[in-house]
Amino acid sequence: MAATPESSLEDPLRSFVRLGSGTGAVGLMAATLGADVVVTDLEELQDLLKMNINMNKHLVTGSIQAKGGRNRRLSFSTRLHTDGGLHIL
């Protein structure tokens, strides 16, 4: 089923983590479709992520927040423990 602006994302595909988000465009699109998204990237990109979120918050029907920085790095060897309700985007 393709998500459209008229329909929000259905559970359980509602919560996402976007690793290496860059500008945050993919996470923002998911959030505009109703998903709850955490976008992550390096400390150097946090201001850009937050600015893009702020400039597009009027379009968001789910939620989106930026996380990251030097103390919050996640490597691909890090184990993610979820209840099955979190998806990596």
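## Burial and the model

A residue counts as buried when its relative accessible area is under 20%, as exposed when that area is over 50%, and as partly exposed in between, using a 1.4 Å probe and protein chains only. By that cut-off S21 is buried, because its relative accessible area is 9%. R14 is partly exposed, with a relative accessible area of 28%. Of the 89 residues of the protein chain, 27% count as buried.

Please keep in mind that this is a predicted model: local features need pLDDT of at least 70, side-chain atom pairs count only at pLDDT 80 or more, and totals for chains, interfaces and linings use all residues. Residues are numbered from 1 along each chain as its sequence is written, and side-chain values use heavy atoms, with hydrogens and water left out. The mean pLDDT (the predictor's confidence in each residue, from 0 to 100) of the protein chain is 78, and 63% of its residues reach 70 or more. Over residues 1–6 the pLDDT is below 50, and this stretch has 5 contacts in the model beyond near neighbours in sequence; a contact here means heavy atoms within 4.5 Å.

## Order of the elements

The protein chain has 2 helices and 4 strands, and from the N terminus on they follow the order β-α-β-α-β-β. Helices (H or I, at least four residues) and strands (E, at least two) are DSSP runs, numbered from the N terminus. Among contacts between residues at least 6 apart in sequence, 62% join residues at least 24 apart.

## Parallel strands and their crossovers

Let us start with β1 and β2. These two strands run parallel and are joined by 4 bridges; strands are taken to pair if DSSP finds at least two bridges between them. V17 stands opposite V38 in β2. On its way from β1 to β2 the chain passes through α1, and this β-α-β crossover is right-handed. That label applies if, with the strands pointing away from the viewer, the path from the first strand over the helix to the second runs clockwise.

Strand β2 (residues 36–41) also runs parallel to β3, with 6 bridges between them. V37 stands opposite I64 in β3, and T40 stands opposite K67. Together with helix α2 (residues 46–56), β2 and β3 make a right-handed β-α-β unit.

Beyond its neighbours within four places in sequence, G68 is in contact with D41 and Q46. The C-alpha atoms of G68 and T40 are 5.1 Å apart, although 28 residues separate the two along the chain.

Which residues of α1 are buried? They are G27, L28, A30 and A31. Seen down the axis of α1, these buried residues fall within an arc of 160°, so they line one face of the helix; the arc is that of the directions from the helix axis to the C-beta atoms. What covers them includes β2, α2 and β3. Just after α1, G34 takes a positive phi of about 105°.

The largest nonpolar core has 12 residues: F16, L28, A30, A31, A35, V37, V39, L49, I53, V60, I64 and A66. Such a core is a set of buried Ala, Val, Leu, Ile, Met, Phe, Trp, Tyr and Cys residues joined through side-chain atoms within 4.5 Å. The elements that give two or more residues to this core are α1 (25–32), β2, α2 and β3. Its largest share, 3 residues, comes from α1.

## Either side of β1

R14 sits in the segment before β1. Not counting residues up to four places away in sequence, R14 touches G34, A35 and D36. The C-alpha atoms of R14 and A30, 16 residues apart along the chain, are separated by 8.8 Å.

S21 is found in the loop between β1 (15–18) and α1. Which residues is S21 in contact with, leaving aside its neighbours within four places in sequence? The partners are V39, T40, D41 and L49.
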